[in-house]
Amino acid sequence: MSIDLRDLYQDIILDHGRHPRNFRPIAHPTHTAKGHNPLCGDRVTIYLTLDGDRIADVSFEGRGCAISTASSSLMTEVLKGRTLAEAQALFAQFHAKVTGGEVHALPEALEEDGERLEPLTGVKAYPARVKCATLPWHAFEAALKGGAAEPVKTE
Amino acid sequence: MNDLAAAKPRPAIDACELRRAFPIYRNNPGLVFLDSGASAQKPASVIDGVAEFYRRDYANVHRGVYQLSQRSTDAFEAAREATRAFLNAGDANEIVFTRGATESINLVAQSWGPAFVAAGDEIIVSELEHHSNFVPWQMLCERVGARLRVAPIGSDGGFDLAAFEAMLGPRTKMVAVTHVSNVSGAILPVERITGLAHAQGARVLVDGCQAVPRMPVDVRAIGCDFYAFSGHKAYGPSGIGVLWGRYDLLAAMPPWQTGGGMITLVTPEHTEFQDPPHRFEAGTPDISGAAGLKLALDFIEGLGRQAIRDHEEDLTGYAIDRLSRIPDLSLVAAGQRRLSVLSFNLAGIHPHDVGTVLDQHGVAVRVGHHCAQPLMDRLGVAGTVRASLGVYNDRDDIDALAAAVEACREMFSR
């Protein structure tokens, strides 16, 4: 087994891939959107309940690979209780890390959450798989923008 | 073939030796390439032959009075004749060059379709179709108000001939089916499908993309009306494809795309069009692609299509046996006859994760829906892992695949 693959499929990824957290619908979300990766057929639906600008609840449903399921699961864990500005900061840093962009430091209060997403950044070495990790975040963004009629696509 | 060769217990193709004819292997040592179903690698004879054609004989075709143009035209038309012979078609004028099978099928759907399919008519495709033999017919049906019907696979994964027969009727105008499934490798009984369809007055189009590189194909023996394939899946260049159609049908079809090279007379009021095949080849065609296609067909004929089929059948059997021993692996069923394409899933592991692990082991396979979403829905899966064979594959490749799949299982079971 190559060392590289262990970096991608870390224990925490396999755990969240198999036993995703917050994997449920929200009956009356304030925001929702679907994400679709037409390349592999992965589909995810993000549900949000906002209380002011704070994320009171967030969950997801769908089917996907270990990477996209784990990414959705970890995303919901770090987002719950965060403000929208904090959520955007987390996404910006995560996106930069997996796509090779310029990474800015997070405010101290978010550092721990940023580290929780760290295991997913192994996808950076697998260009074909980056979209698996970013799909739920794009769907989250789309949900905030009012939920597009069409699923947000990674292509 | 002499008696000695016929009596050989093992197929006559030596894949290991053959790989020397494919430069991709020289430049990618250790490559285990199991994605020929998506596109085949190219032998040096095709790569070098295309370059040589550009160096020696290239000019536009059907245009110039000068010798070079004539030589280029001769090469282009020689490719047409070679394709005719390859398919055992009756007339080289039945061979239309296209960009690929997708364009061939769209040509029929968009030219023949509106001229011969009306509201209330029916078109039948199979559940095994690639999107390229599905969506053009769906769009035609929407355009003219016809009904698209999908002939199902049976519980064994093969084409359900009885269900298809029950679907056929006087309203059926076109039956469009694949010769060999690009997902499961199932070989469809195209001769029988054609016989049943013709008995109802329907036309038949066969998508030969997966069949042409790996088994003898005789369009007159099949009896179908149209046959489409892509050059790049048959060891030829990408960008060239073929539509064979019965001449009387092509002659009754209106032009599809219009432009240079396909007219006999143009006035401000009116245009007269050439006869087939030129009527359907507007603009400068893929001249070098056609030259390369001929070289690819020569390559296939040089090995012998029955020999290729024997080789790939033997390897298919070995692969089924090898993969079937892997716990938690389920092969997509393919009915009674399967050739060279195997799809499978590992319980609890998404095909994309399998694909990434296999890639890290140097094994190139295709993962996803394989442009066959209706079939994926029928199978109840998001996608599959697909291994598909070429002449250069041997048992070592299958062993490497099996070992990589085992490693994948191990990693995900921790």
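Guide: Pro277(B) sits in the loop between β10 (271–273) and α12 of chain B. The model is predicted. A cis peptide bond joins Pro276(B) to Pro277(B), with omega about 5°. Most peptide bonds are trans.

Next comes helix α12(B), residues 287–303. Its axis and that of α5(B), residues 67–87, come within 8 Å and cross at roughly 40°. That makes α5(B) oblique to α12(B). The crossing is left-handed. From α5(B), the contact takes in Ser72(B), Ala75(B), Phe76(B), Ala78(B), Ala79(B), Ala82(B), Thr83(B) and Phe86(B). From α12(B) come Ile287(B), Ala290(B), Ala291(B), Leu293(B), Lys294(B) and Leu297(B). By class, the residues of this contact are 11 nonpolar, two polar and one charged.

Two other loops of chain B hold backbone features of another kind. Most residues other than glycine have a negative phi. Tyr235(B) has a positive phi, near 70°. Tyr235(B) is in the loop between β7 (226–230) and β8 (241–245) of chain B.

Cys371(B) lies in the loop between β14 (366–368) and α15 (373–379) of chain B. Cys371(B) has 18 other C-beta atoms within 10 Å, so it is partly exposed.

Technical notes
Residues numbered from 1 in each chain as written. Chains lettered and ligands numbered in written order. Predicted model: local features only at pLDDT ≥ 70, side-chain atom pairs only at ≥ 80, totals over all residues. Axes fitted to C-alpha atoms, helices over the stretch in contact; angles between N-to-C directions. Helix = DSSP H or I, 4+ residues; strand = E, 2+ residues; numbered from the N terminus. Parallel < 35°, antiparallel > 145°, perpendicular 65-115°, else oblique. Left-handed = near helix turned anticlockwise from the far one by under 90°. Contact = placed C-beta atoms within 7 Å. Nonpolar A, V, L, I, M, F, W, Y, C, P; charged D, E, K, R; others polar. Buried ≥ 20, exposed ≤ 12 C-beta atoms within 10 Å, placed from the backbone.
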